[in-house]
Amino acid sequence: MPEQSDTNLHNENQGTEHEDHNRTRAVNSSGRKEKRTRKIGPKAEYAISFLLLVAGSFIIAASFNIFLVPLGIASGGVSGISILVKRITGFPPAYTQWIINVPLFFLGLWLLGKRFALKTALGSFLLPLLVLLTSHFKPLTDNAMLAALYGGIGVGAGLGLVFRGRSSTGGLDLAAQLLHRYTGLRLGLAVACFDGVVIAAAGILIAPENALYALVGLFATSKTIDFVQTGLAVSKVAFIISDQPAAITAAVLHDLDRGLTQLDGKGGYTGEARTVLMVVVGRGEVSKLKQLVRSVDEGAFVIISDTTEVLGEGFNLP
């Protein structure tokens with residue numbers, strides 16, 4: 001959040017109440033101290049990143065060979081191009097992926113720099129290798145819709161793991177980076193352009209239905225990546241405006257056992273200064289929060305909405 005020292009909205013210091021709250025949260029119901037998240041060293045981070053890359057690449061390769069290749073569902077990217085080439089020439093997809101990935105890698109190394117390109121080096125070589133090693137896997141269905149859906153989910157799950165490991169599988173993502181760098185085109189739009197060209201080619205060279213199924217697969221992939229990145233743990237963020245902010249603050253800190261932030265606001269109609277309380281809670285705590293606020297101030301104005309990727313004390317770290 002940008003600095004807000006000169007605006008109508010800024011964070012208030014919680015003082016000793018926060019200190020007491022932090023001490024309270026350090027002890028669970030059995031009286032034992034909660035385990036604090038420990039920072040892991042660089043070597044452990046590299047090991048975890050490598051394992052996520054390998055696991056994710058294997059899931060992508062298996063889903064590719066089990067669902068997408070048998071029915072010719074080319075849902076974008078280098079993998080989609082390799083499916084088109086196989087359908088037209090019979091050339092194995094793994095070799096096509098290497099033929100495309102290797103020049104793109106060296107082009108990225110030259111134009112984008114060593115630091116960026118090296119992040120994609122392992123994935124660019126590993127994924128086609130795993131595609132080759134899993135090419136004997138038998139298809140699980142001959143239904144194109146099921147293949148597109150489950151293939152998209154599998155590819156999305158694998159990519160989500162790769163992204164969580166801060167890695168990349170290279171391919172047209174590198175090409176999109178180059179297009180973004182040298183044309184100013186937004187990165188998301190650049191990726192969509194490349195995927196759109198591949199899907200359109202599938203509709204022309206294979207069958208129009210294949211392009212429609214490819215769009216289903218691409219949608220499933222996108223949603224699954226988001227799911228793997230954020231998980232099911234959707235929390236709630238509440239903004240509370242009340243004439244009794246101190247009493248509500250005390251109730252949230254001590255009865256709900258959650259931290260909060262006091263923000264300075266100003267009424268748009270009255271121009272009066274108001275305190276806005278912001279608190280993040282789990283879904284199971286929403287009813288208790290509303291009950292606490294109502295018990296203190298029945299006229300309080302409360303906004304509650306979904307939020308994801310909540311990090312910090314009291315919430316799981318990724």
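Is Asp243 buried or exposed? Hold that for a moment. One caveat before we go on: this is a predicted model.

Now the answer. Asp243 is exposed, at 66% relative accessibility. The cut-off for that label is over 50%.

Asp243 has a partner. Its salt bridge is with Arg274, and the closest N and O atoms sit 3.1 Å apart. Where are the two residues? Arg274 is in strand 3, residues 273–281. Asp243 is in the loop between strand 1 and helix 10, the helix being 245–256. The two parts are 31 residues apart in sequence, so this pair ties them together. Arg274 itself is partly exposed, with a relative accessible area of 27%.

How many salt bridges does a search of the whole structure find? Three. Here is the general idea behind them. Side chains of opposite charge can pair when their charged atoms come close.

Next pair: Lys236 and Asp306. Their side chains meet in a salt bridge at 2.4 Å, N to O. Lys236 belongs to strand 1, residues 235–241. Asp306 belongs to strand 4, residues 301–307. That links distant parts of the chain, 70 residues apart. Asp306 is exposed, with a relative accessible area of 51%.

Last pair: Arg258 and Glu285. The closest N and O atoms are 3.1 Å apart in this salt bridge. Both residues are in loops. Arg258 lies between helix 10 and strand 2, the strand being 261–266. Glu285 lies between strand 3 and helix 11, the helix being 286–296. The separation is 27 residues in sequence, so here too the pair ties parts together. Is Arg258 buried or exposed? Buried, because its relative accessible area is 11% and the cut-off is under 20%.

Now the helices. The unreviewed UniProt entry places "transmembrane region" at five spans: 46–74, 94–113, 120–137, 143–163 and 184–206. I will take two of them. Residues 46–74 are 90% helix and 0% strand, and their end C-alpha atoms lie 32 Å apart. Residues 120–137 are 78% helix and 0% strand, with end C-alpha atoms 26 Å apart.

One packing contact to finish. Helix 6 is residues 144–164, and helix 9 is residues 208–230. They pack at an angle of about 35°, with axes 7 Å apart. The crossing is right-handed. What lines the contact, by class? There are 15 nonpolar residues, seven polar and one charged.

Methods:
Residues are numbered from 1 along each chain as its sequence is written. This is a predicted model: local features need pLDDT of at least 70, side-chain atom pairs count only at pLDDT 80 or more; totals for chains, interfaces and linings use all residues. Side-chain values use heavy atoms; hydrogens and water are left out. A salt bridge is a side-chain nitrogen of Lys or Arg within 4 Å of a carboxyl oxygen of Asp or Glu. Helices (H or I, at least four residues) and strands (E, at least two) are DSSP runs, numbered from the N terminus. Buried means under 20% relative accessible area, exposed over 50%, partly exposed in between (1.4 Å probe, protein chains only). UniProt positions are given in the numbering used here, feature names are shortened, and annotations may be inferred rather than shown by experiment. Axes are lines fitted to C-alpha atoms, for helices over the stretch in contact, and angles run from 0 to 180 degrees between N-to-C directions. A crossing is left-handed if the near helix is turned anticlockwise from the far one by less than a right angle, and right-handed if clockwise. Ala, Val, Leu, Ile, Met, Phe, Trp, Tyr, Cys and Pro count as nonpolar, Asp, Glu, Lys and Arg as charged, and the others, Gly among them, as polar.
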